[in-house]
Amino acid sequence: MSATTGPGPTAGSGLRRSVVVVDDHAMFRTGVKAELAAHPTRVEVLGEAADVDQAVAAVVRLRPEVVLLDVHLPGGGGAEVMRRVGARLPQTRFLALSVSDAAEDVIGTIRAGARGYVTKTITGPELVDAIDRVAGGDAVFSPRLAGFVLDAFAGSIEVAQVDEDLDRLTEREREVMRLIARGYAYKEVAGELFISIKTVETHVSSVLRKLQLSSRHELTRWANDRRLL
Amino acid sequence: MSTDAPAPPTGQPAAPRPRPPRAFRSTDERLLGGVAAGLARHLDVDKTYVRAAFLISSALGGFGVVVYAALWLVLPTDTHLEQRSPGLEAATRQGKRPGRGRRLEDVGLLVALAAVGIGVVVLAQTVFGGSVVFWPVLLGVIGLAVLWRQADEAQRERWVDSTGRIDFVRAVVGAGGTAAWVRLVAGVGLLLSALVLFALQTGQSGQVGVARDVVVAGVLGVAGLALMVGPWLFRLTGDLSEERAARVRSQERADMAAHLHDSVLQTLALIQKHAGDAKTVATLARAQERDLRSWLYGEEPAPDTSVASALKAAAAEVEDGHGVPVEVVTVGDTPVSERLRPLVLAAREAMVNAAKHSGADQVDVYAEAGPDATEVFVRDRGRGFDESIVPDDRLGVRNSIVDRMRRHGGTAVIRTAPGDGTEVRLTMTTQRTSSQEETG
């Protein structure tokens, strides 16, 4: 998608990414800030917020590159923040961060526009890499998310936000998602499938697009939200 | 949709006991009363077809309207039976998850009601040709509809009453306050005026017989009363058993919450005692996290029934035994059959090997249950090994993994190289090939 994307999880682009941390648990925010503070050359925390209203205000005011967004958030969840901010600040990227293991929450947040999902047990350096990749326009799929995505496209997760007629994944996209679910890094996926990392990123991005942006599904969701279906 | 996958998907909580199949009105996907959506779920067909069937039968003589109304009257709503994991329920209650938009909900319902109403008027006028009975009947029907709707809402609100008493006024009016009373009075008023209008019109139009009018009015009155009280009586029986089930469930929840509370506190106490020992602390925290996570969001079936949960249980054992985190990602699920048990055991052995010998700080397990085959990948980023120089007395890999899979008609492929980690790939096809069948 974007030329600034780093080639792999360890290679940074050298830019300093600005971040807002949104989570309703003060202790967790403190922990994340402390971990990010260990990488002052790569990430700068501009601010934090504890619920949807605060988050919308903070993001609009501070205009960070990346918003670390809890899936469960008072005021309607992380998805609500994206709904309210998304159109106003199209250049802001959202990275979902959750302790929830529920596929419907995670997939729902991705469908609402998040560019990736990581669990709260992620290590500091991995989180910094994820922020960097999301800011660069790439999608970040953890193995768990890749598993959820495969399940959702196979129709075996019953998720309110996932329609039955999701665009199918191509064989290659499926292959890429399976390797990510098996714990492969992008570089290893590329090596395994004899394709370039750029191609892996393209596949991953198109999976994300199929998941969130098809206009038909936008319409379905709009109608769904209003109980018209 | 894989039609031949016999197991419930992983995302759905397994019901504790099989309930007799019973239809409910759907509150999630309703257009009007949720009858069509609930019926579609009960019959396992697409709800569009059911709605189409209702529409068509409504157009052909109004039969669909009658059936729909009858089912609306009879079927209980499904809200009481919706059971999700406690973590999700708590997050929903606190408004931390995206809810459905509610702003247009009422408008949508009104539009639907109005559309049906217009349809009924058109239908009735074509059938009765604008006769004398038409408008009184219409008024009566509207009155009854208002009453029905009132009873419907009252049913939902009645359970808010924590005193546990169910009195008639509350059952009909609910907790709706003035608006509910206004609707109730309006409904009764409409009903009465329908009767009066009917009596007046028949009186004007001809002296057919006062006796008949009285009979008709009486029948209408009784029917109206039955329709007012009927839904309440009928639902009361259904709701009482549901309430009992709900109480049992909430007690189970309370016990479970207390248990987890204790276990979390215990773990935290242990962690404080072992504050100096990073490895013990990590193991304790990890075990507790797994425990809590599976309770809050998982609702796993028992380990001996499903491949996904059997793998997760095995991973948990390995994690506790060797202090190495094992991440399990599963796609699809299938019951543990005699055929798949060796696969689970081989996967467990591969996890043990990875945790014990690889020196990796994490083991990734990925399992995919498809219609044709079930595959498990166990991967570490440890030191790896050279298969050719493993001494013959080390039976772990050869015996427990490769030979076991081969004996039972599956395959095991080990990819490893010194310094590059190890990946064990286990495949068991669904089709049993009789030539390879062996019981050893």
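View 1. Where pLDDT is low, the predicted coordinates should not be read in detail.

This is a predicted model, in which local features need pLDDT of at least 70 and side-chain atom pairs count only at pLDDT 80 or more, while totals for chains, interfaces and linings use all residues. Residues are numbered from 1 along each chain as its sequence is written, chains are lettered from A and ligands numbered from 1 in the order in which they are written, and side-chain values use heavy atoms, leaving out hydrogens and water.

**View 2. Confidence along chain B.** Chain B has a mean pLDDT of 72, and 61% of its residues reach 70 or more. The model scores ipTM 0.78 and pTM 0.62.

**View 3. A:D70, an annotated residue.** An unreviewed UniProt entry carries the annotation "modified residue: 4-aspartylphosphate" for A:D70; positions are given in the numbering used here, feature names are shortened, and annotations may be inferred rather than shown by experiment. A:D70 belongs to strand 3 (residues 66-70) of chain A. Is A:D70 buried or exposed? Its relative accessible area is 4%, so A:D70 is buried (under 20%; exposed is over 50%, partly exposed in between, with a 1.4 Å probe and protein chains only). Leaving aside neighbours within four places in sequence, its contacts include A:D23, A:D24 and A:K120.

**View 4. Two nonpolar cores.** A nonpolar core is a set of buried Ala, Val, Leu, Ile, Met, Phe, Trp, Tyr and Cys residues joined through side-chain atoms within 4.5 Å. The largest has 53 residues, and A:V81, A:F141 and A:V149 have the most contacts inside it. Helix 6 (residues 143-154) of chain A gives the largest share of this core, seven residues. Apart from this core lies another, of 33 residues, among them B:A315 and B:V365.

Notes: pLDDT is the predictor's confidence in each residue, from 0 to 100. Helices (H or I, at least four residues) and strands (E, at least two) are DSSP runs, numbered from the N terminus. Contact means heavy atoms within 4.5 Å.
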